[in-house]
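Please read them with the sequence and the structure side by side.

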Amino acid sequence: MSTVVEPSTLSAKSETLRGRLAQSPLAGLVEVSDLDMTVLEVAPENWFALALFLRDDRGFLYDLYLDLAGVDNLRRPGRRTRFEAVVHLHSLTNNEHIRIKVLLPDPEKPVLPSVIEVWPAANWFEREAFDLFGFEFTGHPNLRRLLCHDAFVGHALRKDYAPGQRWFFTEGDLRWPDWAKNTEERAGHFETQTLSIGPSHPATHGIVHLIARMDGERIVRAETQIGYMHRCFEKMAETHTWNQVIPYTDRLNYVSAMINGVGYVRTVEKMLGIEVPKRGVLIRTILSEFSRIMDHCVNIGANLVDMGALTNFWYLFQNRENIYSLLEACSGARLTVSYVRVGGLAIDVPDDFVARCRSLLESIPTFVADVEKLVTNNRIIRNRFQGTGVVTKEQAIGWGLTGPMLRSSGVPYDVRRTRPYDFYDQFDWDVAIAPDGDNFSRYLVRIEEMRQSLKIIRQALDIFPSSGPVNSDDWHVVLPPKDAVYHDMESLIYHFKIIMEGIRVPKGERYEWIEGGNGELGFYAIADGSGGPYRLKHRAPCFPAMACFERIIEGSSISDAVATLGSLNIIAGELER
Amino acid sequence: MFGRGKQLPVHGAAPADSGPADFLTTKLETMVGWARSNSLWPLPFATACCGIEFMSVVSSHYDLSRFGAEVVRFSPRQADLLIVAGTVVDKLAPTLRKIYDQMPEPKWVISMGVCASSGGFYRAYHVTQGIDEIIPVDVYVPGCPPTPEELMYGIFELQRKIQAGEKSRDTRSARFAEGDKHAWTPGERAPEEAAVPGKPAA
């Protein structure tokens, strides 16, 4: 249920924040309220000052810029302004999230200051909001379209934009950054040249376009262009019902499809206030951890292939095939499983589920050990991985990285540990971290995380109930059993209502986050009481990682850039949604 | 096509160590088609989920090399089979056309998955509604994503078509190459009729 709390009954956390704000120059300019977390509302002219306050005030130290979601309130009466920019932040010191809504008063020209100087991570998030909502960020150094192509007219996520409206695009319409057109620039003895890598290049993992200014072998400046895989997930979500969105979530991070679905339905379940039985939750956990292993398998395998080490790929991919068989036995699909439903799962697992899992627990470590034997102490790999693509701790936090990228820079932020959901607090496992922030650290962290995932699965199987329901029995949300639908009028009506109208999620909003294969995987959902989401923003963990790629590779060679790109684990479907 | 023929009538004395003569009767096209169909060099244009399944097909478990199509090439100039695996969006459309144009003749195209074939369930503002708007397609493989078996069946179908000398007769995509806007499937409204939503981009 949405929990709108009266200002007089603010939580202790929000009350402290309000007290501190009252003593600052921002007194009276920020409204504090409580929803699922502390929510601040601010006018655009005060946003930059508030941003500095939140980052630097000793009591709060919101240092991780997580997400920026534009909201168009055109069909959502009761809001004060048509456009809102909703920012989510995290404080690593205090381990808490906060939401800031910047209310943009002018519906014709929504303008707000850019906070790139406060959090460098804001860069691409602001470009995305400019592209899809037309927000203008004053002070942004490179405010161009990010996802949609350059011949696009209008702003796609505004409510008055027709979902299927396309615009013709040809090669001549592609806009290059201004600096790339200038070939006169010289550096040292060599004339620099501009190199275009991608969008279709074997090393670009999906579809990424890298434009690099080269001085001999060194990259002196680079810019990444994305949007070659932007398939409008958020607009599609707005035109479907809550359950119909699940197949779309599978195709976000398609390498570990299960985790996305779990993240999404958890958001909706929290809004509905329903609980899933223990058996259902544990199935989700077990399959999510297997998905995490698959995710790391593909990442490490593909990364090594880029550097010419093909053998590991076969070893690691065989793991995937084995896990696919388990997923196929459960859901009927290998890759895009669509197995979760709001309130539980599509169907129960097969009878031999536990036996299958245990046999995988036997086989996976041998494959991982084979790869480790080939790679970890391999001199070529070490030469190419160690000291390349370095991200320091401060940079990682500033760029908004999460997941293995942040942990390999020495920050032990793992959502499963900092905010344990499901049964993660009952398992004995370690957060894998590495200190150096280079490509080798990222490799080591991923290998260790595979081991930890196996450990979690083993413990989950130990407490796994051999029988029992997997779904909630709230028939307003979960489809009644087919048997009952055929023989019972009431069940038939529930079935009909859910299928035809969708689940009625009460009005409200929620940001819910879990640990995905790449880091913090968040969904910010707004419900207006109808059968589908009014707005659904997906916080893609590899989006900030790709955004800072052009900064990481400055000064390195092209071959190191290829190794670095592979270690970021860019999944196009998740990156561009 | 190949066969060990009947024994030919012998005129004069037969050479001592020669058995019946080996020969074949065929047309040149059939012979060339047979050779081509069994030595496909695929270029995987892998963009999304289907690309992961394509990896499975060429990996050890399914091992596409059993059917003479394992020499995966990332350069269009060295490939004769374009496998478009995954969603193609409007921003990528000119790139795909360029890659297709760079491939030497004869060339074939497999559209892997429903996104490449028709846009799939992305009936949306930035997604190409089927790559046949851009390039001619020989074989469509349905599925989201198709299983490796399905893709392999698609490749067998293509081999059959190559042996039979069939080519795609799709002409719509040629209009895209000429820059004709009407080659595209409009979304809910044709671009010309649509009122410009929101504010035009700066």
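1. The crossing of α1(B) and α5(B) is right-handed, a crossing being right-handed if the near helix is turned clockwise from the far one by less than a right angle, and left-handed if anticlockwise. The contact is made by B:Gly33, B:Trp34, B:Arg36 and B:Ser37 on the α1(B) side and by B:Gln159, B:Ile162 and B:Gln163 on the α5(B) side, where two residues are in contact if their C-beta atoms, placed from the backbone, lie within 7 Å. These residues divide into two nonpolar, four polar and one charged; Ala, Val, Leu, Ile, Met, Phe, Trp, Tyr, Cys and Pro count as nonpolar, Asp, Glu, Lys and Arg as charged, and the others, Gly among them, as polar.

2. Helices α1 (residues 28–37) and α5 (residues 148–164) of chain B pack at an angle of about 160°, with their axes 7 Å apart. Here axes are lines fitted to C-alpha atoms, for helices over the stretch in contact, and angles run from 0 to 180 degrees between N-to-C directions. The two helices are therefore roughly antiparallel, a label given to angles over 145 degrees.

3. On provenance, this is a predicted model, in which local features need pLDDT of at least 70 and side-chain atom pairs count only at pLDDT 80 or more, while totals for chains, interfaces and linings use all residues. Residues are numbered from 1 along each chain as its sequence is written, and chains are lettered from A and ligands numbered from 1 in the order in which they are written.

4. Chain B has six helices and six strands, where helices (H or I, at least four residues) and strands (E, at least two) are DSSP runs numbered from the N terminus. Their order from the N terminus is β-β-α-β-α-β-α-β-α-β-α-α.

5. At the interface, 44 residues of chain B are in contact with 47 residues of chain A. Both α2 (49–58) and α3 (93–102) of chain B supply at least two residues each to the side that touches chain A, and the largest share, five residues, comes from α2(B). That side of chain B divides into 24 nonpolar, twelve polar and eight charged residues.

6. In chain A, A:Ala346 lies in the loop between β14 (344–345) and α10 (353–375). Not counting residues up to four places away in sequence, A:Ala346 touches A:Ser331, A:Ser338, A:Tyr339 and A:Arg341.

Terms used:
Angles under 35 degrees count as roughly parallel, over 145 as roughly antiparallel, 65 to 115 as roughly perpendicular and the rest as oblique.
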